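Subject: A structure for you to look at

Hi there,

Here is the structure I promised you. Have a look around first, then read my notes below.

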Amino acid sequence: MQRQSEGILLEIRAHGESSCICKVFTAEYGLVAGLVKGGRRKKSELTEGNVVQITHSRRLETQLGSLRLEVLSSPIIRIFDDMAKLQILRYQCELMAALLPEDMPQPKFYDRTKFMLETLGAEENYWAHLAEWELDILSAVGFGLSLTPENAVPCPDNSPLYYVSPRTGRAVSKTMGLPYHNKMLLLPKFFGGQEGGFLDVFSLTGHFLNHALAELAPYKKTLTTRQGLIDTMKTLT
Amino acid sequence: MIPEPLEDLIRTLAKVPGLGRRSAQRAALYLLTHQEHLGKLQADLQTVQLKTKTCSVCSNIAMEDPCHICTDPKRDDSTLCVVEEIADLWAIERSGAFSGRYHVLGGLLSAIDGIGPDDIGIPTLLKRVTDGNFAEVIIALSAGVDGQTTAHLLSQKLQPLGIKVTALAKGLPMGAEIDYMDEGTLNFALQGRKSF
């Protein structure tokens, strides 16, 4: 069985002396993993974040299969000298490799991610885009948050949304959430709330990402990468 | 079928980078049939094990501690070159283009492999630079994501110390043909162009 698609290279792990196992988020098949023979000798091509054309071949669906990659574009070139953007790209790749399910196409999320990676170099408002992207990936893996008035918990007095339930991810108004103030998460202004800055934005998405990653022991370090990213944001903003 | 001691030797040799089981078998049989090489190899291995040390200053491998590079009075004390591995140090020494001091990190930051700043020689580097009289630190790390992330972190920690931090240029290798170059290399080559 042979599959071809365009994708974003997410993870490269050494396998033996010359090969590596790569994970690619493809437009048509979702996450695809495979063995790239001689991949360790092609370090300039195998860089996280590269947009590649893949050919994935395997005999049975249960096999890992082999991957052939051809680089289409390399967004990392435009951000190589910018530490914050480089950290963002690495974090996005790590998080996608950790969370996205194999063989489940997510065309909208793929387009969104590809666009973000390709425009990251010229983008000035990248923290805002990252926050929105985190909501998108949560949604793509089944942890979607309901932060808009249409999806929020209905409030009889129509007061504005202020909190987010840490369990359901639904926004609630101040009057409804006040009795649970200590447990509730703040809905930041950026997501339609009344107060709070970018730290609150990342604290909100972080809470749900933590849940999403909790069962994935090998990927818990992704949260450390995320913390490093937030520390960088604190020093820059 | 294979005698146990020979099988053990093959297994040990197969762990050496570059040797698989087949190559290890060939090497073991060659050594058995060329006893003079076996004796020499045995002696060399023992010498290396007993006499080589890791330099406590720069983490290079040498016969003495500190190593000959760290103690050489002719070398430039004001420039420090930070490399990932000892093989990188040897490569720069081979080029003959650098005559300062070195610092071997012993790895790069890598989130995937769980390697953080304290797992590689960053704390010792910072202490060395703080205590020393270096005017420039050259970051000579690989031009990949891990190398660049490590370089960013190093520059972030070194610049507040008032030291000039530089990195190796990126671009076309010697003898390269432009139409075979990947877009990343070409991009860096154009960015780093020099006037004649």
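Let's start in chain B, where the axes of helix α2 (residues 21–33) and helix α3 (residues 35–51) come within 5 Å and cross at roughly 105 degrees. Angles of 65 to 115 degrees count as roughly perpendicular, so that is the label for α2(B) and α3(B). On the α2(B) side, the contact is made by Tyr30(B), Leu31(B), Leu32(B) and Thr33(B), and on the α3(B) side by Gln35(B), His37(B), Leu38(B) and Leu41(B). Sorted by class, these residues are five nonpolar and three polar, with no charged ones. Before you go on, keep in mind that this is a predicted model.

One partner is in its own chain: α1(A) and helix α6 of chain A (residues 221–236) have axes that come within 10 Å and cross at roughly 155 degrees. Anything over 145 degrees counts as roughly antiparallel, so α1(A) and α6(A) get that description. The crossing of α1(A) with α6(A) is left-handed. If you want to click through the contact, α1(A) brings Ala84(A), Gln87(A), Ile88(A), Tyr91(A), Glu94(A), Leu95(A) and Ala98(A). Facing them in α6(A) are Lys221(A), Thr222(A), Thr225(A), Arg226(A), Gly228(A), Leu229(A), Thr232(A) and Leu236(A). That contact splits into seven nonpolar, five polar and three charged residues.

The other partner is across in chain B: the axes of α1(A) and helix α7 of chain B (residues 145–158) come within 10 Å and cross at roughly 140 degrees. This angle makes α1(A) oblique to α7(B). Here too the crossing is left-handed. From α1(A), the residues involved are Met83(A), Leu86(A) and Arg90(A). They meet Val145(B), Asp146(B), Gln148(B), Thr149(B), His152(B), Leu153(B) and Gln156(B) of α7(B). By class, that gives four nonpolar, four polar and two charged residues.

Now for the two chains as a whole. How many residues does each chain put into the contact? Chain A gives 20 and chain B gives 26. Together they bury about 1,900 Å², with carbon and sulfur atoms giving 61% of that area. On the chain A side, Ile77(A), Phe80(A) and Arg90(A) supply 37% of the area that chain A buries against chain B, more than any other three residues. You have already met Arg90(A) in the contact of α1(A) with α7(B).

Each chain also comes with a domain assignment. Chain A has domain 1 (2–76) and domain 2 (124–237), and their C-alpha centres lie 32 Å apart. Chain B has domain 1 (7–51) and domain 2 (68–167), with C-alpha centres 34 Å apart.

Finally, two backbone details to zoom in on. Most residues other than glycine have a negative phi, and most peptide bonds are trans. Asp103(A) has a positive phi of about 55 degrees although it is not a glycine. You'll find Asp103(A) in the loop between α1 and α2 (107–119) of chain A. Over in chain B, is the peptide bond from Asp65(B) to Pro66(B) cis or trans? That bond is cis, with omega near -5 degrees. Pro66(B) sits in the loop between β2 (61–62) and α4 (68–71) of chain B.

Technical notes
Residues are numbered from 1 along each chain as its sequence is written. Chains are lettered from A and ligands numbered from 1 in the order in which they are written. This is a predicted model: local features need pLDDT of at least 70, side-chain atom pairs count only at pLDDT 80 or more; totals for chains, interfaces and linings use all residues. Side-chain values use heavy atoms; hydrogens and water are left out. Axes are lines fitted to C-alpha atoms, for helices over the stretch in contact, and angles run from 0 to 180 degrees between N-to-C directions. Helices (H or I, at least four residues) and strands (E, at least two) are DSSP runs, numbered from the N terminus. Angles under 35 degrees count as roughly parallel, over 145 as roughly antiparallel, 65 to 115 as roughly perpendicular and the rest as oblique. Contact means heavy atoms within 4.5 Å. Ala, Val, Leu, Ile, Met, Phe, Trp, Tyr, Cys and Pro count as nonpolar, Asp, Glu, Lys and Arg as charged, and the others, Gly among them, as polar. A crossing is left-handed if the near helix is turned anticlockwise from the far one by less than a right angle, and right-handed if clockwise. Domain bounds come from an automatic or database domain assignment. Buried area is the accessible area (1.4 Å probe) that two parts lose on being put together, summed over both.
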